[in-house]
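Take a look at the sequence and the fold below.

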Amino acid sequence: MLFNSYIFILCFLPLALAGYFGCNARGRYEWGKMWLCAMSLWFYAWFNVKYLPIIVGSILFNYAAYRLILGHRGMDGRRRGDLYLTVAGVAANLGVLFYYKYFDFFVENVNHICHTDFTLRHVLLPLGISFFTFQQIGFLVDTYRGGTGNYSFMDYALFVTFFPQLIAGPIVTHDEMIAQFADPARKRWDVVSACGGIYVFVCGLGKKVLIADIFGRAVAWGYGNLNSLSGLTAVWLIASYGVQLYFDFSGYCDMARGIGLLFRIDLPVNFFSPYKARDLVDFWKRWHITLNRFFTRYLYIPLGGNRKGRLRTCLHSFLVFFVSGIWHGAGFTFLFWGTAHGVIYIITKQMLPLLEKIPAVVTRLCNLLLVLILCVFFRAETMAQAWQILGCALSGGYGLLSVPAGFAEQFRTPEFFYAMKVLHLLPGNPAMADYVLMAGYMLAAWFIILCLPNTAEKLTNFRPGMRNSLFVVFIFLWSLLSFSEVSTFLYFNF
């Protein structure tokens, strides 16, 4: 079930809210948790009911491992053999993730290198498996470290399945979630929190439906017609995917956080204007913040962090980015993307004193160009395709009309095209309207990205009022009328 769908907005979400707060209002707090957990499983099973046994089995296994680890701890809190249980639990989680996400990629490359003929399984990747697997791995490690409480099964199940963050994050921790569900003050409906949640949700909905999906059509056309690209079209394609990825992921994070606020649950900020970053080090403090937190806590610091000297620190940082590339997908393009980010991150960190002397506008522009170029590998299906697009961008042919009409046509939205027609703003050649809309969308998108405050900043100073109410109603209705071409979120693929 997608956040940007009629069934979710008009049926599922109101039903989930009514049942949860209805149970709480009668003092049936455990029933409220059970209701929300059941609704979250329904939300997950809506995509494909075959996914349901996988997540249920994962929850049962990890909760059993958690209880076993606690059972091996003495009254004095000392660990007695639970290290082996923790390692076994983490290994089992990684094994399941490897099977569903990387098995075919591994076998395919073994066949290529060793000239073998092992059969590919073509396993269907369960949605959100990378997210809920990492979340539970973190929980087991925290249990081993003595950082978890004595949680009931329902507390744990709701921690894993809470639907706003189940499919594409943020990757939350037990200490920031279970305590909130246990807080009596958060069990009552609150108008102020609801207003903030609706505002943030609608902002994310608009980002996804009115911006990301428009650019997504152009990106899909461009990657499907690579032989038709001129130099300028390749540049537009690279910039368009940067916009699509930004608003798609930002939109999901906003919607997830907004839904959380409706339930009076504060989800962590996962996206904070990364394209405004002054360098790659700053970028990774703003992009997928909770994933970076996970790797820092459970990989970088256990390896030794920055306590083993400069060379080891660089190696630890590189491993984090290398694993991040693998986490995002099974393919050499993701490996290259992660490796490139790791190498440049290390170089950037060593050069920070020098970079601070350069005007911020220069470093920010260079960093943005670097991120957009590396995004080509993030989107491309093969390395050859990525190099073809980058080579095309440097091949010349930068006249406006060198952009194929098919690419520009993807920006033709009925509402704006009709408005131009009514206002007699259509050029003599109606096809030129597509180029006007293409340029208008691109300028508007980058203005929002680079010049306006992000949703988290707006929420800090948010106050319910007429102006915000009109904005919410306008964007919501506009988005609702644009649901004819519903698309999934990009991070569902990871």
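Start with arginine 264, which sits in the loop between H9 and H10. Helices here are DSSP runs of H or I with at least four residues, strands are runs of E with at least two, and both are numbered from the N terminus. Arginine 264 has a positive phi of about 65°, although it is not a glycine. Most residues other than glycine have a negative phi, and most peptide bonds are trans.

A word on the source: this is a predicted model, in which local features need pLDDT of at least 70, side-chain atom pairs count only at pLDDT 80 or more, and totals for chains, interfaces and linings use all residues. Residues are numbered from 1 along each chain as its sequence is written, and side-chain values use heavy atoms, with hydrogens and water left out.

Now go to histidine 122. It lies in the loop between helix H4 (82–114) and H5. Histidine 122 is not a glycine either, yet its phi is positive, about 50°. Is histidine 122 buried or exposed? Its relative accessibility is 63%, so it counts as exposed. The cut-offs are these: buried means under 20% relative accessible area, exposed means over 50%, and partly exposed is in between, with a 1.4 Å probe and protein chains only.

The next stop is a peptide bond. From glycine 169 to proline 170 the bond is cis, with omega near 10°. Proline 170 is found in the loop between H6 and H7.

Turn to the aromatic rings. Rings of Phe, Tyr and Trp (its six-membered ring) pair if their centres lie within 6.5 Å; planes under 30 degrees apart count as stacked, over 60 as edge-to-face and the rest as tilted. By this rule there are 66 aromatic pairs. One of them joins phenylalanine 162 and phenylalanine 181, edge-to-face, at 5.2 Å centre to centre with 85° between the planes. This pair links distant parts of the chain, 19 residues apart: phenylalanine 162 is in the loop between helix H6 (153–161) and helix H7 (174–182), and phenylalanine 181 is in H7. Phenylalanine 162 is buried, at 0% relative accessible area. Phenylalanine 181 is buried too, at 3%.

Tyrosine 246 and phenylalanine 271 make another pair. Their ring centres are 5.0 Å apart and their planes are at 75°, so this pair is edge-to-face. Tyrosine 246 lies in helix H9 and phenylalanine 271 in the loop between H9 and helix H10 (280–283), so the pair ties together parts 25 residues apart in sequence. Both residues are buried.

On a 1 Å grid over the protein atoms alone, a cavity is a set of points where a 1.4 Å probe fits but cannot get out, and a pocket is an open set with protein on both sides within 12 Å along at least five of seven lines; lining residues have an atom within 4 Å of a point. Grid points are joined across faces, edges and corners, and a volume is the space filled by probe spheres set on the points.

The largest pocket holds about 900 Å³ of space. It is lined by 40 residues, and Asp213, Gly216, Arg217, Gln244 and Ser487 are the closest to its centre. Which helix gives the largest share of the lining? H8 does, with 10 residues. The lining of this pocket has 19 nonpolar, 11 polar and 10 charged residues. Here Ala, Val, Leu, Ile, Met, Phe, Trp, Tyr, Cys and Pro count as nonpolar, Asp, Glu, Lys and Arg as charged, and the others, Gly among them, as polar.

The whole structure has two cavities of 30 Å³ or more. The largest cavity has a volume of about 90 Å³. Of its 15 lining residues, Ile171, Val172, Thr173, Phe294 and Tyr298 lie nearest its centre. The second largest cavity has a volume of about 60 Å³. H15 gives the most to the lining of this second cavity, three residues. That lining has nine nonpolar residues, one polar and no charged.

Finish with the cysteines. A disulfide is a pair of cysteine sulfur atoms within 2.5 Å. The search finds zero disulfides in the whole structure.
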